[in-house]
Amino acid sequence: MDAANATSNNNATSSENDTPTHAQVTLLIEIPKKNTNWGPLLRCCAAFDIAQIFVVGYDTCSVQGSHGASKHVELASFPTYRQAVETLKGHNFQLIGVLGGAANAYEESGHMVHTMEQPIHHSDNNKTETVVAVSADPSDSDQKEMPKSFPIHCRPFQQNTCLVVGKKAIGLPLRMAEYCEKFIHVPHVAALPPITNVNGTTSNPKLSSWFTGEACVSIILHEFASWAGFHSETYKGQKYKVLKVIKGAPESQEAKRNERKRKMEELQQEEDDNAKNLFGGGDDDGDY
């Protein structure tokens with residue numbers, strides 16, 4: 001990634017007059033399984049001209065819901081968060097954790113964050129993970145000594161900003177949050193009321209949000225684009241003008257995947273040949 005030098009910003013918020021000349025924004029996500037679906041998020045990235053995002057885990061995922069937009073976004077994968085973060089910081093990116101929606105959390109001085117347990121899967125409440133979320137209640141006993149979370153209208157961005165995004169509508173897994181320098185959330189006027197599920201259980205309002213994760217990311221990206229002075233792309237008919245991605249072209253994701261597959265097949269063939277040489281490859285090689 002050809003990143004410009006970041007400007008130092010020690011303030012919680014950014015002045016609208018501090019318009020950067022070459023602002024960049026990217027995302028850091030995780031893909032623990034190849035069938036993890038990030039299609040809607042990749043569509044959001046393409047809409048804001050993000051050509052590359054950073055991934056911990058696999059370099060491929062399900063793109064259902066992207067409607068072809070995934071072809072315009074490259075996935076730069078790393079085996080660990082530490083390696084991904086070191087690369088981002090080497091390009092002067094500030095890591096901001098996205099905590100989703102938060103009821104009545106408009107305070108410009110920022111909100112404390114706290115940890116809570118969330119079910120890993122909606123259908124299984126027995127398996128949980130620790131997430132970091134906005135603490136709108138100052139008396140919350142689970143507050144953590146971590147950076148504050150700021151509402152989006154504060155625009156706590158730097159010239160090079162990386163949004164750390166999880167799969168949950170509320171909160172960010174602790175394993176991701178511990179690398180963030182600050183957090184950002186989308187405030188709304190009231191908490192989502194409890195909802196009775198089909199199995200008779202009632203949802204926890206603290207774990208529910210008016211927004212999906214993709215909606216929150218899009219709102220934050222819109223604020224960043226406005227802060228950075230990005231210009232809207234022109235239209236052709238009722239669609240934006242975008243570069244056409246030719247399947248199999250040298251720079252396409254499809255071509256890169258085919259190249260990786262070819263190399264893996266060559267390595268497997270080489271391994272099979274070595275095995276034949278070791279145990280004998282013909283009828284005349286021994287008495288067996």
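## An edge strand and the model

Glu-74 is found in strand β3, which covers residues 74-78, where strands (E, at least two residues) and helices (H or I, at least four) are DSSP runs numbered from the N terminus. The model is predicted, so that local features need pLDDT of at least 70 and side-chain atom pairs count only at pLDDT 80 or more, while totals for chains, interfaces and linings use all residues. Residues are numbered from 1 along each chain as its sequence is written, and side-chain values use heavy atoms, with hydrogens and water left out.

With a relative accessible area of 29%, Glu-74 is partly exposed; buried means under 20%, exposed over 50%, and partly exposed in between, computed with a 1.4 Å probe on protein chains only. Asp-59 is 15 residues away from Glu-74 in sequence, and their C-alpha atoms are 9.0 Å apart in space.

## The chain as a whole

The chain holds 5 helices and 12 strands, and of its 288 residues, 39% count as buried. Among the contacts in the chain with a separation of 6 or more, 74% come from residues 24 or more positions apart, a contact being heavy atoms within 4.5 Å.

## The parallel sheet

An open sheet is formed by 7 strands in the order β3-β2-β1-β8-β4-β10-β7, with parallel pairing; two strands pair if DSSP finds at least two bridges between them. The edges are taken by β3 and β7, each with a single partner strand, so one side of each is left without a neighbour in the sheet. From one strand to the next, the twist averages 35°, with axes being lines fitted to C-alpha atoms, for helices over the stretch in contact, and angles running from 0 to 180 degrees between N-to-C directions.

Strand β10, made of residues 182-188, is mostly covered, since 7 of its 7 residues are buried. On one side of β10 the buried residues are Lys-182, Ile-184, Val-186 and His-188, and on the other they are Phe-183, His-185 and Pro-187, which leaves both faces covered. The strand β10 runs parallel to β4, to which 6 bridges join it, and Ala-102 stands opposite Pro-187 in β10. Strand β7, residues 149-151, also runs parallel to β10 and is joined to it by 3 bridges, with Ser-149 standing opposite Phe-183 in β10.

## Gln-94 in strand β4

Gln-94 belongs to strand β4, which spans residues 94-103, and it counts as buried because its relative accessibility is 3%. The strand β4 pairs in the parallel sense with strand β8 (residues 160-164) over 4 bridges, and in β8 the bridge partner of Gln-94 is Thr-161.

Once neighbours within four places in sequence are left aside, Gln-94 is in contact with Pro-156, Phe-157, Gln-158, Asn-160, Thr-161, Cys-162, Glu-181 and Lys-182. With Lys-182, the side chain of Gln-94 makes a polar contact of 3.3 Å; such a contact is a pair of N or O atoms within 3.5 Å, of which, within protein, one must be able to donate a hydrogen and the other to accept it, and residues adjacent in sequence count only if both atoms are side-chain atoms.

## Helix α1 and what covers it

Two packed helices are described by the angle between their axes and the distance between the axes. For helix α1 (residues 39-47) and helix α4 (residues 213-228), the axes come within 10 Å and cross at roughly 10°. That angle makes α1 roughly parallel to α4; angles under 35 degrees count as roughly parallel, over 145 as roughly antiparallel, 65 to 115 as roughly perpendicular and the rest as oblique. Pro-40, Leu-41 and Cys-44 in α1 meet Glu-214, Val-217, Ser-218 and Leu-221 in α4. By class, this contact of α1 with α4 has 5 nonpolar, 1 polar and 1 charged residues, where Ala, Val, Leu, Ile, Met, Phe, Trp, Tyr, Cys and Pro count as nonpolar, Asp, Glu, Lys and Arg as charged, and the others, Gly among them, as polar.

The buried residues in α1 are Gly-39, Leu-41, Leu-42, Cys-44 and Cys-45, and what covers them includes β1, β2, β3 and α4.

## Positive phi values

Most residues other than glycine have a negative phi. Just after α1, however, Asp-49 takes a positive phi of about 60°. His-67, which lies in the loop between β2 and β3, has a positive phi near 55°, and this residue counts as exposed at 66% relative accessibility. Asn-104, found in the loop between β4 and β5 (113-121), likewise has a positive phi near 55°.
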